[in-house]
Amino acid sequence: MMTNNLIKFREKLKKSRRSATITFIVMFTILSIYPAMGVAYSPLTIIGTTQIPLFIKVFIVIMAILISLDIAMLSEIKKIVYSEIWDYLLVGHIFCFLTVITQASLMYRLYFLPNIPSSLHYLLTGSAIFYINTHIFIYFVLYYLINPIAKRKLNLFNIKYLLLYIISIAAIYGVTILNTKLLYPRLPKFMFFYLFALFLFGIIVYFCIVIFSISENYAKIGFVRKPFLFGGIGGTTFALSFILILFYCFKFLEIADLPVLYYYMSFYLVASLFAMIYHLKFIIDYPSLLEPKWKVLMPFDFQKAAAAITLAFLATSLFLTVKEYPIFSIYQNMPYPLVPLFLLPIFLGIILTFTYLKTLLSKTKLKYWRYLEYGQYVHITVTFYVFSLALLSWNDLARNTKLFCALFGLVAFAFYLCFALDLLTILKDQTIRPKFNRLDIVRYIVALSSTFALILFGISFAYDGASIFARVEIISYPLILFFIAFFLIAFGSYLSVTHKGFEEILGKNIWSELSYIFAFVIFILIYFIYISLNAHLQRFPYHNLAFIGYFAVLVIEIVSTKTLSEKFKYGKTRREDIVRLLNLHAHDFLRTDYLEALWGKKLDQNVAEDEVKNVGFDPSRRRFDLEKIDEKTRLTVAARMLLEMHKLPDVEKIRIQRGSLEETKEEIAGILKEKILMLPEDLRSEFDDSAYYPVLYERVINDLLIPLKTFIPFSEQRTIFERLERREALFTSINFEVDEIRLKEETKFSRDDFLKLFRLYIEAIEEQFPFKRFLLYELVRDEIKRELERYNIGVSEVLNIVPMGVEGMDKIMAGGLMKGSTTLLITEETKTKQKILLAFIEQGLVEGSFAIYATSKRPFHQIVGEILMDAEDLRNLMILDFYEDLYTEDRISELVEDENRIIVPLNKILYQRSIVKAIKSQPKEAPKIVIIDVYDEFSRSYSPDEIFVILQKQIEGLKRWNCTSVIILDPQSHLIKKEGVDNVKKHFENVMILSGEDKASSAFIEKLYHGTPSKHIIPLPW
């Protein structure tokens, strides 16, 4: 049934893909052949009177769907992995929408120009096709980048996204039609257009060079090359689309037609530039997450530099446009010397303000500074607008009005300067040094000058109702005055209230208060200027926007202040969590740069390299994400961060809540309880862990009582604990109540006491257990694996068991080998054998045992290299190396000692001496594991009888010195053939036989000292 459903699903998938392919081919064909057919009616036509060529309509539909598909994919991946790099793509795709609108509008205008042969329309179609291909490749870029991260099929055709596709088509089509209806002014001068087009083409070329370079370098290291390769091809097709449409304009159009198209082409260039810039930002930042070296490919902020250049281009274009119209006469009597006198000091205050805001934003990531930045944009725009009105009306101004205008300039400068000094005071208080970048200063000057020019010359199009929109009255004077006055009172009352939040750290100073005062004075001066210019201002219908602009600034100020005092919100949780506590504490910090630096150090110390991608820190929200890593690492990182936060420099200045380190420890302890024991030893020492071992003991023993009740009734359990009280005084703190134990309040004992009590209880249970202790060990071993291993307590610490390190074997063998037992492993030389031996050694090293490995089969460096992959510390390892003398040219006659190794010749006396030397280098009571894989060689070089005697004596010595040993013999060994396999086996407590090929091998447990396993044959995972 399932197979049939799967076949049907595959058939449907094939049909849907086939239908999609046929649909695309049909639309592509129509797009290609239509220019020769003329203009026809389409169901997609929204405005019947607008005749848009079908190939442009198809272009709009395909592009709307492709861009919307990309946005849908970005929305899905942002739900899985949040990163601001996806926002770059999102913004870039919004500009792609604008690019489609401007390109479609331009192609529409070009299509209907007279005296152009219809055969040349194929150039327009080619440009459209190349741009469609650009976004097809962008789709593949996103698919190949996102698919490995998502690890699941993205649903891009649910109702939400279907609505997005439909709305996108309708919106782009409607805006395109509206844009074709607008008549932009003429401009015959194209010099600055050529420069801007050259700048855009340079960005496109740089984009292609960068992306192909990254693709080539990633091909060398085997990383994700395909997406970047597709991106480079997409950038190339966009370049071809761009070249084709400009070639069409400047090659085949008459000179008289070009001025009409100036702004259509300009807006197309602007939209294309920012679409390309944001995609370039993503292309560089994405690989920089893994290899920071790629950041050198973006030596400065391309977006802001492009914004300044674009503003300069638009301002210059607008100036040249205005000069072409009779209305330019209103500029002839302007007092141009006043412009630098007004602008230069204001520019100084604004540049200082933005530099300080940028520095504070980079160090704190608070939305507050971003809102203040937005408010400054609005304030600057309104200031430039009022000054432009004053300049254009200068000849009609009375003396007192000119004085008001001069005061307006002076107070505006004072406002920006006080605002900057307020920010500087905060920077000094936070010991932050602002950085002045020459490129940024140039960018600010260009952007501010261009913005002023755009506003000044843009007023022309509203002068004397020059356009239909200019005749609209926004708000009447009485309503504005009442509204603003009421709002100022409310705003003043709001600022007078103390808010609990970062205001306590930032604080208000004299410069802050002065900036508010000057802001109010500016509003009053504008009111007086407008009163004295009442008659003349009617020629500028939008002058009331100044009041609305300042009102917007006040609204932004309130919103920004609100962000400082807002509470940190989390979803409801069923229980407290230490990561939630960490986020609550992080929310109290002003300086996120300190948190980021601390976070980076803790990641390096505590999180494995392959796990770093599963954690994150969002500075803007001050939120740590640790949900995708194991519990022990999560608790360790969170606890370290919480404690280290108190050691940050100037912590009293950068934190709202000034709780002590001891209070934080109490919070951590209250949440973690016995989980404190999961922390590393150095971190655990910060707490009184003796208070939590009793809690852990109570929980683990109660977990064991449930399955044990079938074999040992609770009445006998009570008796067991009563007897244990006579053996160990700590058991007097334990009460047996009905069906569980309870420890008395304030009982404390150490880790060693925990292990001692646990062992005593297991020993007492063994005496009463009705079956072989093997079954009991299985039960206890499972409890240890489930509950205690995460608290750094292994099986060997509780039971007299030494794990083999192979989970399948340990599970069947009730934990492993009995401590102090000897094991015979009969096997041929295979990879499986070596893996089992290495796993045994690694497990012993992890649990703190001393490991001795005598081998003649493998070189020393190969063994150490394989062990180092899983075990970082080899201090407890000693290798008795017989391989060096047997298989290299360097012959020796005495023991040669080296770090972690003793080189031993194949000599029975030196062999016994080396074993004794290695074992006695450790205390007798210390746990030791010994692996001996040399008897095959000795039995070939000496009499098997003689070697067998050595083997028997060695087994006895290993037991006396607390060694858990494994001795390996080949089934074809001379020793086994001579003495007989059964005679050899009887001297060992455990006997195991390995058989099979490396990929299908198994272990046969023939004999086990502590009981018979449930399964004798264990399939091995190699």
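## Surroundings of S317

Once its neighbours within four places in sequence are set aside, S317 is in contact with L187, Y262 and Y263. The structure is a predicted model, and in it S317 belongs to helix α9, which spans residues 302-323. The relative accessible area of S317 is 1%, and because buried means under 20%, this residue counts as buried. With Y262 there is a polar contact between the two side chains, at 2.6 Å.

## Nonpolar cores

The largest nonpolar core comprises 181 residues, and F59, L110, W369, F408 and Y530 are those with the most contacts inside it. Helix α8, residues 258-288, gives the most to this core, contributing 20 residues. Not counting residues up to four places away in sequence, F408 touches F342, T383, V386, F387, I522, L525, I526, I529 and Y550. Another core lies apart from the largest one and has 115 residues, including L582, L595, F736 and A851.

## The open sheet

An open sheet of mixed pairing is formed by 10 strands, in the order β10-β11-β9-β8-β12-β13-β7-β14-β15-β16. Its edge strands, each pairing on one side only, are β10 (896-898) and β16 (1017-1019), and from one strand to the next the twist averages 15°.

Key
Residues numbered from 1 in each chain as written. Predicted model: local features only at pLDDT ≥ 70, side-chain atom pairs only at ≥ 80, totals over all residues. Heavy atoms only, no water. Helix = DSSP H or I, 4+ residues; strand = E, 2+ residues; numbered from the N terminus. Buried < 20%, exposed > 50% of the residue type's maximum accessible area, 1.4 Å probe, protein only. Polar contact = N/O pair within 3.5 Å; in protein donor to acceptor, adjacent residues only side chain to side chain. Contact = heavy atoms within 4.5 Å. Core = buried A, V, L, I, M, F, W, Y, C linked by side-chain atoms within 4.5 Å. Pairing = 2+ DSSP bridges. Axes fitted to C-alpha atoms, helices over the stretch in contact; angles between N-to-C directions.
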